[in-house]
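Welcome! Please take a moment to look over the sequence and the 3D view before reading on.

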Amino acid sequence: QSGQPSDIRQVNELYSYLHLSKTLLAIMQERRESRGPHYRSDYPEKDSRYDGVMAVKKVDGRYQFSIQK
């Protein structure tokens, strides 16, 4: 039967994985540099502007990024 707690949990987990994947892709597109395993042929060099932790939040359906040093 559908609607069982395990089915609902699986749907919620899938939604969470998809949301996380979309967020990670947005971060990778925003980070315009190459660093460690994150290599971009269009930005092959490391950029010191990205030193720190990239924070992301979603506001009104759009991602907002900031670098926390």
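## About the model

This is a predicted model, in which local features need pLDDT of at least 70, side-chain atom pairs count only at pLDDT 80 or more, and totals for chains, interfaces and linings use all residues. Residues are numbered from 1 along each chain as its sequence is written, and side-chain values use heavy atoms, with hydrogens and water left out.

## Salt bridges

Side chains of opposite charge can pair when their charged atoms come close. Seven salt bridges are found in the structure; the term stands for a side-chain nitrogen of Lys or Arg within 4 Å of a carboxyl oxygen of Asp or Glu.

Let us begin with Arg35, which is joined to Asp51 by a salt bridge of 2.9 Å, N to O. Both residues lie in the loop between helix H1 (5–30) and strand S1 (53–59), so the pair ties together parts that are 16 residues apart in sequence. Helices (H or I, at least four residues) and strands (E, at least two) are DSSP runs, numbered from the N terminus. Arg35 is partly exposed, at 27% relative accessible area, and Asp51 is partly exposed too, at 31%. Here, buried means under 20% relative accessible area, exposed over 50%, and partly exposed in between (1.4 Å probe, protein chains only). Arg35 and Asp51 also belong to a network of salt bridges with Arg31 and Glu33.

## Two further pairs

Arg49 and Asp47 form a salt bridge whose closest N and O atoms are 2.6 Å apart. Arg49 is exposed, with 59% relative accessible area, whereas Asp47 is buried, at 16%.

In another salt bridge, Arg32 pairs with Glu30, and their closest N and O atoms are 3.8 Å apart. Arg32 is partly exposed at 38%, and Glu30 is partly exposed at 25%.

## A residue in strand S1

Which residues does Ala55 touch beyond its neighbours within four places in sequence? Ala55, a residue of strand S1, is in contact (heavy atoms within 4.5 Å) with Gln64, Phe65, Ser66 and Gln68. Ala55 and Phe65 are 10 residues apart in sequence, and their C-alpha atoms are 5.7 Å apart in space.

## A nonpolar patch

Leu20, Leu24, Leu25 and Met28 make a nonpolar surface patch of about 370 Å². Patches are made of residues with over 30% relative accessible area and no salt bridge, with like charges joined within 9 Å and nonpolar side chains (Val, Leu, Ile, Met, Phe, Trp, Tyr) within 5 Å. Accessible areas come from the Shrake-Rupley method with a 1.4 Å probe; for residues, only the protein chains shown count as cover. Leu24 lies in helix H1 and is partly exposed, at 41% relative accessible area.
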